[in-house]
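Some notes on this model follow. Please read them with the coordinates open.

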Amino acid sequence: SASTFGDLLRQGQGLAAAYGPQGLGRVLPTIRAFGDTAAALGVDAEGLDRALLGFRQVLGRDFAQQEDLNQISENLPGFDVRRALKRQFGTADTEEL
């Protein structure tokens, strides 16, 4: 099922809170990236929401925890979250993120 405007608004609000005022410009690109990935993998709106929740939890911590990364991977099956982290941050080690 496709995301509704209410779903997108709620996701955007959650990301805005996680990113903080300095990161507001990253909210829409994040939703777009997760949404495009979910669509390519055939993931429904609930899976997208759970993957974004895992991502928001990563943003809200001092360092990434493996269970949050697992939540993203489990809800975007076929997406290699560790490879994406390594490409983006140079490491996929949760102690270093």
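Which residues touch the most other members of the largest nonpolar core?

1. Core centre. They are Leu15, Phe34, Phe55, Ile72 and Leu76, in a core of 19 residues. Such a core joins buried Ala, Val, Leu, Ile, Met, Phe, Trp, Tyr and Cys residues through side-chain atoms within 4.5 Å. Buried means under 20% relative accessible area, exposed over 50%, partly exposed in between (1.4 Å probe, protein chains only).

2. Core supply. Helices H1 (5-19), H2 (27-41), H3 (45-59), H4 and H5 each give at least two residues to this core. H3 provides the largest share, five residues. Helices here are DSSP runs (H or I, at least four residues), numbered from the N terminus.

3. Model basis. This is a predicted model: local features need pLDDT of at least 70, side-chain atom pairs need 80 or more, and totals for chains, interfaces and linings use all residues. Numbering starts from 1 along each chain as its sequence is written, and side-chain values use heavy atoms, without hydrogens or water.

4. Confidence. Mean pLDDT (predictor's confidence in each residue, 0 to 100) is 90 for the chain, and 97% of the residues score at least 70.

5. Arg82. This residue lies in H5. Arg82 counts as partly exposed because its relative accessibility is 36%. Its side chain makes a polar contact of 3.2 Å with that of Gln66. A polar contact pairs N or O atoms within 3.5 Å; within protein, one must be able to donate a hydrogen and the other to accept it, and residues adjacent in sequence count only if both atoms are side-chain atoms.
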